[in-house]
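Reader: I would like a close look at a single part of this model. Please take me through what lies inside and what surrounds it.

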Amino acid sequence: MLRFVLVGGINTLTFYGCYRLLLLVLPYFAAYTLAFLLSMVGSFLMNTYFTYRTRPSWRKFALFPLTNVTNYLVQSAGLIALVHWMGMSKKIAPLVAAVIAVPFTYLLARRILLTTGAARRVAAADSAPGQDPDPGTVRRAGR
């Protein structure tokens, strides 16, 4: 989770920089959407190599947008609610909405980027501390 948050922080800064630049020439929601799409490829690569320490594949790349769709929906709803209903600045609202989306995105990304067997072993180990669900596997540190 710590690596995911670190990658998410880097990705958020990249996204936010793009958003602020695009905000100069586009309406806020169009700037948000385009910045979101631009940051997706970097997010995929950072999460495969650093967060989950797995190799990227075309299959994972094709499925990875599911994490971003979830993230996009949660953040979009948060962005609209924060700007229109709560009166928050459209310059700050995307950052607050991003924090709200972190748990949803983490769980879905873990499910997609880890192989099915690895995801089951990690989930089982997380739910039953001290018991390795598959004695023949060695878990990496940090998971």
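Author: This is a predicted model. Start with the largest nonpolar core, which has 15 residues. Inside this core, the residues with the most contacts are Phe15, Tyr19, Tyr28, Tyr32 and Leu79. Four helices, α1, α2, α4 and α5, each supply at least two of the core's residues. In soluble globular proteins, nonpolar side chains tend to be buried together.

Now take Phe15. Setting aside neighbours within four places in sequence, Phe15 is in contact with Tyr32, Ala35, Phe36, Ser39 and Pro94. Another core, of ten residues, lies apart from the largest one. Among its members are Tyr52, Phe64, Ala109 and Leu114.

Next comes α2, residues 28-51. Its buried residues include Tyr28, Ala31, Tyr32, Ala35, Phe36, Ser39 and Met40. Further along, Ser43, Phe44, Asn47, Thr48 and Thr51 are also buried. An α-helix has 3.6 residues a turn, so residues three or four places apart point the same way. The cover over the buried residues of α2 includes α1, α3, α4 and α5.

Helix α2 also bends. A kink of about 30° is centred on Met40. A straight helix of 24 residues would span 34 Å, but α2 spans only 30 Å between its end C-alpha atoms. After α2 comes Arg53, with a positive phi near 50°.

Finally, look at Asn11, in helix α1. Asn11 counts as buried because its relative accessible area is 15%, and the cut-off is under 20%. Not counting residues up to four places away in sequence, Asn11 touches Ser39, Ser43 and Met46. Of these, Ser39 and Ser43 are among the buried residues of α2.

Methods:
Residues numbered from 1 in each chain as written. Predicted model: local features only at pLDDT ≥ 70, side-chain atom pairs only at ≥ 80, totals over all residues. Heavy atoms only, no water. Expected span 1.5 Å × (residues − 1). Bend = angle between axes of the 7 residues up to and from the residue. Buried < 20%, exposed > 50% of the residue type's maximum accessible area, 1.4 Å probe, protein only. Contact = heavy atoms within 4.5 Å. Core = buried A, V, L, I, M, F, W, Y, C linked by side-chain atoms within 4.5 Å.
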